[in-house]
Amino acid sequence: MAIGYLTIQARTAHDAVPLSNVRITISDDQSRTIYQLITDESGETQPVPLETLDKSFSQNAYFTGTPFISYNVHAQAAGFQSLRVSDLPIYEGETAILPLALVPEQETQRSPSETEIVIGEPAVAAREMRSQQGPASSPYVLRQVVIPDPITVHLGPPNASARNVQVSFVDYVKNAASSEIYPTWPKTALTANIYAIITFALNRVYTEWYRGKGYSFDITNSTAYDQAFVYGRAIYESISQIVDEIFNQFVRRSGQIAPYFTSFCNGTTVTCDGLSQWGTVTLANRGYTPLQILRSYYPKDIEIAETNTITGVITSYPGTPLKIGSTGLDVQTIQTWLNRIRRNYPAIPAITDTIGNFQDSTRAAVTKFQRIFNLTPDGIVGKGTWYKISSIYTAVSRLADLESEGNTLGIGTVPPSAVLRQGARGQDVITLQYLLNVAAEYYPEVPRPDQDGIFGSGTRQAVIAFQRVMRLNPDGVVGPLTWEALYDTYHGIQQNVPSGGAGSDTIRYVVQPGDSLWLIAQKYRTTVQAIKNLNGLSGDLLNVGQVLNIPVEQPTSIIQYTVRPGDSLWLIAQKYHTTVDAIKKLNGLSNDLLEVGQILKIPSSQNTSQLEYTVRAGDSLWLIAQKYNTTVSAIKNLNGLRSDLLSIGQVLKIPQ
């Protein structure tokens, strides 16, 4: 029997926060459990082998059966909605990477709900006719080819009442390619198909094909109109590696700017004027290059072009890979970003090289980052690695800024009484826009509105999207029910999402007249260099009104505590030699109310050294406690466990 592999990654807030201790069950099509796994501190599991069919079946255009074996994945985590992924195809020799974007429970939610994602066979196996229509000419065109990051995908035909989701362009292409074709095809065939998928999407964006018609999305996932896309599906390593190399390259005709309209179909059960997906396999087996394959279906004068204009990117790729021996500001930038990301992903080793000097510790940090985020682990910062580091840095920084801003706004527990609609202005609108921005980090359907205090069309679209997610009347008016849902969502996120360092160790400071980095560093008991590293500053100049993130002193350790009957914040603070305010700040609490079973992070100045233990067959909490001279309660508190159930392979922290 042939073998394929599956790796699972549980994260939230656009990968800013990894979720450890997520319980994963993998089962077959008969609902028999194959594996029970627990995610690690980076939110992932090790690859597990799964039986499947020989890959020759998925390389044969005339095979009429299903050329893979499917599995199901069920994910559960305290404080999050459960997620079930069904019909996940596994191919021989391929590693499927399944991203689990778990959604936090709301504050008043007493039991988790469950979302199901069904993957199924790729579009190349379908018999549905394609009627992809592209613009011969259109008045709606951008001035240049731009990579939309994020891209907005409509999950249905254009006129269908379906939801929109926002995903990064790279993730979109990986998803679309994994949803369209078999990952076992020759690399040149995969590359040609991926060029067609990238270019098709960029053509939709460049010509404003849907936005020019009044739609609020860039592309659909209907194969009749566009190309396949299954939100939340697994992607395949062979496809992922190619996309990381070419995601900003596209097909155009010589002498033209616009991405060519690269229509395609499977070429067997469905034929069309564009590229034949199965035909690319035949040509690849004859030794054709990707460009030669593309020129076999599109005009002979097409060429591969590149754009470095990417929306939402802090700093563009410098054009030259960074590696051992590289020096300068670009190296310093990467070091700053990685050191910030490391607070959320502690598996990334600390960088101890001289600032701006790429040596062994920088390479080690880059390599670990690449392993965590499915990039080629070569320790070199090429284009794909640069943009992924930039993307994750942006996500963790944005989350930290939102947390600081929430403290500044003083959201509290009681929603405003005002009824807001388009045209409204003022502080309540700022609060609304802030809450929508927080929701947008965890719900891909909700776009981020500008926080300008003006209820314009962008804010109305975000309100409608949020109302649809919460199954409220999507009228774009913020009344009592919408306010209640916004506050319920916000406080649920505060209670259930681990901070992971995303703001718990920084404060937001607005530069005042007469300020200098030295004065600010003295005020907050830190160093000038620490402030510069955290904010990516290359000089000492400051501007009045400039917003800085300031590192603040942290407790020497943090432990987890499960609230018991009779507990209060004051009693817990006394027990662990800390303060009520410190506990509330660390957990994002706006009041003193506690619930039995609630898990709190407790700052502690005590030396709570610990070791890690991997659960084996026959283990129990009592046996482990006896072995390490501790108690069952101490192990449960440290690991945030609510029951005595253990899973083989689960990693426990053991107090010493």
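**A close look at the disulfide and its surroundings**

Tutor: Let's start with Cys265, which has a relative accessibility of 1%, so it counts as buried. Keep in mind that we're looking at a predicted model. Cys265 is joined to Cys272 in a disulfide, with 2.3 Å between the two sulfur atoms. In case the word is new, a disulfide is a covalent bond between the sulfur atoms of two cysteines. A search through the whole structure turns up one disulfide. Is Cys272 buried or exposed, or partly exposed? At 33% relative accessibility, Cys272 lands between the cut-offs of 20% and 50%, so we call it partly exposed. Now look along the S-S bond: the torsion about it is about -95 degrees, which means the disulfide of Cys265 and Cys272 is left-handed.

Next, find Gly274. You'll see it in the loop that runs between strand 15 (264-265) and strand 16 (275-276). Gly274 has 8% relative accessibility, and because buried means under 20%, Gly274 counts as buried. So what does Gly274 touch, if we skip residues up to four places away in sequence? The answer is Ser263, Tyr297 and Tyr298.

Key: Residues are numbered from 1 along each chain as its sequence is written. This is a predicted model: local features need pLDDT of at least 70, side-chain atom pairs count only at pLDDT 80 or more; totals for chains, interfaces and linings use all residues. Side-chain values use heavy atoms; hydrogens and water are left out. Helices (H or I, at least four residues) and strands (E, at least two) are DSSP runs, numbered from the N terminus. Buried means under 20% relative accessible area, exposed over 50%, partly exposed in between (1.4 Å probe, protein chains only). Contact means heavy atoms within 4.5 Å. A disulfide is a pair of cysteine sulfur atoms within 2.5 Å.
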